[in-house]
Amino acid sequence: MKYYMAGIKGAGMSALANLLSDLGHEVTGYDDASEHRFTEDKLREKGIRIYTGPNNDLDNDTVVIYSPAFKIDTHPEMIRVKNMGLKMYEYQDILGRLSKMYKTICISGCHGKTTTTSMLSHIMCDAEGCNYIIGDGNGHGDKNSGLFILEACEYRRHFLAYDPEYVVITNIEMDHTDYYKSMDDMILAYQEFANKAKKLVIACGDDPYTHMLEVNPQIFYYGLSEDNDIQARDVEYRNDGTSFDVFVEDEYYGHFDLPLFGKHMLLNALAAIAICYYERMEAKEVSKSLKTFKGADRRFKETFIGNNVLIDDYAHHPTEVKVTIKAAKQKYPDKKIIAIFKAHTFSRVEEFKDEFAQALNLADKAYVMDINYDRENPEDYPNTSAKTIIDKLDNGDYIEQGMASKLLEYDNSVILFMSSKEIYLLEDEYKKLLEEKLRETNI
């Protein structure tokens, strides 16, 4: 098959492009964004061409897959290919078709689904091989595998297009306030999704909202509290990782050492371990794979320059910002924590401004960048800006690209760059300035 993917630089679209290419399909892509994005390198390694103008080599056999961000009735390239009479499918609809072809494990949740999907894919690839799509831009196809591990996003109920064998729910929390109007609406979406599971639902039992789900498949709970079916016990949070024992219905399953930090990462690991248990995998095999797991892309990714640690993380919700800062404190208890945050949408800042401030106040110093608005009109939010958060911070300041020199005053510190958008551009600017400063110091 020939696929033309509009919005190919997006994380989900990039992952799908990689999977389709691995399965032997011819893939090309289009994107409005001319600047380099972190997803591009792997696409180009596979020989996938990316167009920023019309691809005139399309023929009648080409299938168009487009990102939900591309409106087929208004976007010029979408209008062009539509007028050519080509078959067109939205991203989640293609994933729905793929999910019917495989034994599919869907990982959902407002937080942690990317790391959990990445972790489980790592384990399964070590054990038997698998196909996977992860929200950090990574996708892989295995022609010899009948297993598909899929990160399932709740945005606009897109996950209802999928046909899962297992459904994993890492947590349920209010988010995407430009679409979901209440917590009840969010819970109903997860309930409908959970009821699509053909075998099992595995949910975090430490989350209060997962217990409100009324589902037809059998549901098993994991977590740290004693009433969970899958429980972590004898947990040790150390500056080299986290160790714990796992019990399933009070029976010892195995011991695990996780080279990641924070309670949230432990819960992600429990979700992956639960799937492995119900798939009858040996604990020693699972434990061996977890020891070599390096984390998902753009999730607590560290760079060391001098005695400073730069961490790039996708955190874009108050809960994610909070747990990322706490994880940095666990790993680096003797360093100052400097947090830089760029929000994705005005609606999220308007809804969670107090929660964002409370999370950022866990850092020794916090900087806030201008709000991204790729799917909202800033004129609809005249009273919402970066200042909305800054005014609530104990020790906060404004920063933007071109202002990275502000960060040069910090030494022996952890500099956290947190956003779902292109905050790594500011990080790259800071890296160059810091490296120049160190060279001058050493002369």
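Mentor: Here are a few of those terms, each set against its definition. This is a predicted model, where local features need pLDDT of at least 70, side-chain atom pairs count only at pLDDT 80 or more, and totals for chains, interfaces and linings use all residues. Residues are numbered from 1 along each chain as its sequence is written, and side-chain values use heavy atoms, with hydrogens and water left out.

Trainee: Why are helix 5 and helix 7 called oblique to each other?

Mentor: Helix 5 (residues 113–127) and helix 7 (residues 263–278) pack at about 45°. Under 35 degrees counts as roughly parallel, over 145 as roughly antiparallel, 65 to 115 as roughly perpendicular and the rest as oblique, so this pair is oblique. Their axes are 9 Å apart, and the crossing is right-handed.

Trainee: Which residues of helix 5 and helix 7 make the contact?

Mentor: With contact meaning heavy atoms within 4.5 Å, they include M119 and I123 of helix 5 and A272 and I275 of helix 7. By class, the contact has ten nonpolar, three polar and no charged residues.

Trainee: What makes strand 8 and strand 15 edge strands?

Mentor: Ten strands form an open sheet, in the order 8-7-9-6-10-11-12-13-14-15, with mixed pairing. Strand 8 (139–140) and strand 15 (251–258) each pair on one side only.

Trainee: How do you know that strand 7 pairs with strand 8?

Mentor: Pairing takes at least two bridges found by DSSP. Two bridges join strand 7 (residues 131–133) to strand 8, and the strands run antiparallel. In one of these, Y132 has H140 as its bridge partner.

Terms used:
Helix = DSSP H or I, 4+ residues; strand = E, 2+ residues; numbered from the N terminus. Axes fitted to C-alpha atoms, helices over the stretch in contact; angles between N-to-C directions. Left-handed = near helix turned anticlockwise from the far one by under 90°. Nonpolar A, V, L, I, M, F, W, Y, C, P; charged D, E, K, R; others polar.
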